[in-house]
Amino acid sequence: METTVRKAPSPRGEITLFRIVNARGCAVELSTLGAGITEVSVPDRDGRIANVALSYADPASYIADGPCMGKVPGRYANRIALGKFQIDGEAFQLAVNNGPNALHGGPEGFQNRIWEAEKLPDGVRFTYRAKDGEEHYPGNLTAVAEYRWSDDNVLTLTLSAVTDKPTVVNLTNHCYWNLDGADNGSALGHTMAMKCSRYLPTDDTLIPTGELAPVEGTPMDFRSAKIVGRDIREDFPALRYGKGYDACWVVDGWEPGKLTEDIVELRAEGSGRVLRVGSDQPGAHVYTGNWLAGCPENRSGRSYEDYDGIAVEMQGFPDAPNHADFPTQTLRPGEEYRRTIRFAFTAG
């Protein structure tokens, strides 16, 4: 495993980028800005290596971008209704930055911070220390995002956190994938399969109603592989509200600490590339890049268009702090939040 390091200036301070190349010549690039993924270069069925992670031309362009491209959002990824929650009877009010709700930790979030970095033999360990009261969350929280890249093209992300006060935490990665090549246009022709028999219906601001609804008979059913864009224009609430897929599915058979392989499988018939995502997280949030247009310039010298990439965000449920029957995202002193996400790339 060979790692090279480069630096880039930004208004938030110097960004460090680590490019890790395995024995097959396949590469991952990681950034201290938001502990982000800025490149995953893997072969197609003919052995041609190309980047499949949507990325910007300038490392500083990731600051405060709408898509949260490739980064680790926090302290609470996804939405919290009205920015309100309680812990042990104490009420907290977060900044509202997505319609009436709080999204991805707030206006700054972990995704717009420069993280500390430690190079590993096969990856990078990023650390961010959030202060008590930062973005109105309680507790000094130390978050760690550790990426490891293998010779068989598996990128493993371990997310962990500890706190000195009761708090809420939900961490994931927000990379967008296009398995035909990052700048290759729409990804709606990919096929997708999911080990998920239920999903979380929402209101029109994408806050869960609390119901775990069966996917059977709906456009949300990916238990058998189908083309992502096949049903995306159907007149169905989840698709109307998000202008496409922007929903959380419930992982079948989930148990705390249990890693399920191949929860989501994405496949591009053109290139033959396949991405299989495994995790011990209870939810698989899939977002079809419905609002990518107007984002910063990519490496092809243009902005991405809507639906050019698909984000697979393994995470806790949106708005879990306000739903007692959802898997808890509360973290207390003396406990460790620890979750794993595996992105495995093949071709055929």
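Select tryptophan 177 to begin: this residue is buried, with a relative accessible area of 0%; buried means under 20% relative accessible area, exposed over 50% and partly exposed in between, with a 1.4 Å probe and protein chains only. The model is a predicted one, in which local features need pLDDT of at least 70 and side-chain atom pairs count only at pLDDT 80 or more, whereas totals for chains, interfaces and linings use all residues. Residues are numbered from 1 along each chain as its sequence is written, and side-chain values use heavy atoms, with hydrogens and water left out.

**The whole chain**

Along its principal axes, the C-alpha trace spans about 60 × 50 × 40 Å. Of the 348 residues, 59% count as buried. Among contacts (heavy atoms within 4.5 Å) with a separation of 6 or more, 65% come from residues 24 or more positions apart.

Now show the surface. The chain exposes about 13,000 Å², and carbon and sulfur atoms supply 47% of it; accessible areas come from the Shrake-Rupley method with a 1.4 Å probe, and for residues only the protein chains shown count as cover.

**Aromatic pairs**

Show the side chains of Phe, Tyr and Trp. A search of the whole structure finds 16 aromatic pairs. Rings, with the six-membered ring used for Trp, pair if their centres lie within 6.5 Å; planes under 30 degrees apart count as stacked, over 60 as edge-to-face and the rest as tilted. Phenylalanine 343 is buried, at a relative accessible area of 1%. Elsewhere, select Phe18, Phe126 and Tyr147, which ring pairs link into a cluster.

**The six-strand sheet**

Next, colour the open sheet with the order β15-β24-β23-β20-β17-β18, whose pairing is antiparallel; two strands pair if DSSP finds at least two bridges between them. At its edges stand β15 and β18 (213-214), each with a single partner strand, so one side of each is left without a neighbour in the sheet.

Select β23 (residues 283-287). Five of its five residues are buried, so the strand is largely enclosed by the rest of the structure. Gly283, His285 and Tyr287 lie on one side, Ala284 and Val286 on the other, and both faces are covered. Five antiparallel bridges pair strand β20 (residues 246-250) with β23, where alanine 247 stands opposite valine 286. Strand β24 (residues 310-315) also pairs with β23 in the antiparallel sense over five bridges, and alanine 284 stands opposite methionine 314. Further along, two bridges join strand β17 (residues 198-199) to β20, with arginine 198 having valine 250 as its bridge partner.

**The nine-strand sheet**

Move to the open sheet with the order β10-β11-β12-β13-β26-β22-β21-β16-β19, again with antiparallel pairing. Its edge strands are β10 (116-120) and β19 (226-227), each of which pairs on one side only. Eight bridges join β11 to strand β12 (residues 141-149); phenylalanine 126 has alanine 145 in β12 as its bridge partner.

Within β11 (residues 123-130), select tyrosine 128, which is buried at a relative accessible area of 8%. Beyond its neighbours within four places in sequence, tyrosine 128 is in contact with residues including Phe110, Trp115, Leu141 and Glu134. The side chains of tyrosine 128 and glutamate 134 are joined by a polar contact of 2.8 Å. Such a contact is a pair of N or O atoms within 3.5 Å; within protein, one must be able to donate a hydrogen and the other to accept it, and residues adjacent in sequence count only if both atoms are side-chain atoms. The C-alpha atoms of tyrosine 128 and glutamate 116 are separated by 6.3 Å.

Finish in strand β26 at threonine 340, which counts as buried at 16% relative accessibility. Not counting residues up to four places away in sequence, threonine 340 touches residues including Thr156, Thr158, Leu259 and Asp280.

Definitions and conventions. Helix = DSSP H or I, 4+ residues; strand = E, 2+ residues; numbered from the N terminus.
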